[in-house]
Amino acid sequence: MVEPKLYKETLERLKALGFPFELPLEVTHYIGGEFVQGENPFPVIYPATGEVIGSAPEGRAKEVDLAVEAAHRAFQSWGKMPPSERRPYLRRFAEKIREYRPVFEVLESLDVGRPIRENRLGYVDRMANNIEFFADFAVTHGSEAYPMENGYINYVLRFPVGVAALITPWNMPSMLATWKIGPTLAFGNTAVLKPAEFTPLGAWLLARCAHEAGLPPGVFNVVHGFGPDSAGELLTKHPLVRLISFTGETTTGRIILKNAADTLKRTSMELGGKAANLIFASADLDRAVEVTVRAAFFNQGEVCLAGSRLLVERPVYEPFVEKLVAAARALRIGDPLDPETQMGALIAEEHLEKVMGYVEHAKRVATVLTGGKRPDLPHPLDKGYFLEPTVVVDVAPSDKVCQEEIFGPMVAVLPFDTEEEAIALANNTPYGLNAIVQTRDVGQAVRVSAALEVGTVWVNDWFVRDLRVPFGGAKQSGIGREGGHYGYEFYYETKNVCIANR
Ligand code: NAD
């Protein structure tokens, strides 16, 4: 049993920050405007120590039915409100998120094991902006009209879809939830959020924010639980759910698509990734290393967009790898709640084991230059799911280390000789979420970006997000786009009205 000191200190800290629930952390559902105790509790674990820090209820048919029915009832009025009347509710929701900023920062670290310093790099602002942006967008976005040569006029009307199931992963739980909540509610749908079972804390506080912002009961609901045979699957099959916005693994996306087919639901799939990070000889090498370290090890590498395949042009391969290894070794691993910590713990023991499986494989077929083991940390962190940042070289592009999503702090580095070879290597995976291109040659940036089979290319940076542009994956990384009018189309039905001139 782990010494509960760290946890006790954290609870004290949460209390001092104005945590709005009774302690200890006994997570509740939020259904029809009420916090519902729930049944079938499962443990909430702090990844940095393995401590059980609370419990969450598993929603089953009863809770899913209640939540969907509450959302369906609320839709009858929320869906008919003009966007300008919905906007003040959503703005208050966003304000509440900002009000609870320090609490969210701690909860995200407790949930995910991510360093609190990363939560302080605009994470909570992004959450609030996700809601505000779409609240404003729904008000300002117009519609098209097409006069025909024969005098008839077509015009396009948009109307909300209905009850949305928002199913989210554990790696950026609160940010990804708000990304879905914003457009869902702004465009007149109502929502049932099913957060990942590893990370129920942020969603619990989000429900509190919605509640305190005065959202009408049933407009936003949260049901906790698991995926298969649990709240997740039940939502995807529920006849009153009209829309599923899912972010998670590609394999889960396939299952959800099949389950949603019987009731023909509208689906958006934001799935896995295996991003290439192309470092050309003309790049500013120090900057390239800085971007690479961030893209590889931010959030312990548990990011769909992580640059996990490094393709480096031969003339700079050696100096780049040397600098990368030094930078990886310099990262401070430790307690996520310590503001000095740069890398935290992986989400769960089984996930650490999965990543270690790739490390062991890499030791057999390639060279592990640094990392590949659990760091020595003092008690109680010695029980946490930490892994040193890991750099692998001498690996074949077809190897599973270069093909499969590892979702941990592990990168493979491959040399290349020509631009064509770099593009071919980058496109050589089933995934197509994003890529990074590092070069100071503008023409090269334009050529290479155009040739990459992905949904987003960052040139000389990573993880910069403008909500007006589309976000989503090509190939096995997803179906559909979120953001701006691309996301708007997903969350709305359209109707053409054709008027005769006689
Ligand atoms: P996951 O697919 O295991 O789970 C995601 C969510 O789906 C969880 O809430 C889970 O409970 C639920 N779920 C699982 N099986 C289900 C089923 N049969 N029916 C309904 N719901 C089900 O993913 P994860 O491990 O939580 O997250 C990591 C994955 O998410 C990675 O593959 C990562 O790349 C991906 N991801 C993608 C993006 C993106 O924008 N494309 C962003 C973040 C994470």
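A: One term before we start: helices (H or I, at least four residues) and strands (E, at least two) are DSSP runs, numbered from the N terminus. This is a predicted model, where local features need pLDDT of at least 70, side-chain atom pairs count only at pLDDT 80 or more, and totals for chains, interfaces and linings use all residues. Residues are numbered from 1 along each chain as its sequence is written, and side-chain values use heavy atoms, with hydrogens and water left out.

Q: Which strand gives the largest share of the nonpolar patch?
A: Strand E7 (residues 153–160), with three residues.

Q: OK, switching to E9. Is strand E9 mostly covered or exposed?
A: Mostly covered: five of its five residues are buried (under 20% relative accessible area, with exposed over 50% and partly exposed in between; 1.4 Å probe, protein chains only).

Q: Which residues sit on which side?
A: Thr 190, Val 192 and Lys 194 are on one side of E9, and Ala 191 and Leu 193 are on the other. In general, side chains in a regular strand alternate between the two faces of the sheet.

Q: How many bridges join E8 to E9?
A: Five, and strand E8 (residues 163–167) runs parallel to E9. Two strands pair if DSSP finds at least two bridges between them. Ile 167 stands opposite Lys 194 in E9.

Q: And which strand do three bridges join to E9?
A: Strand E10 (residues 220–222), also running parallel. There, Leu 193 stands opposite Val 222.
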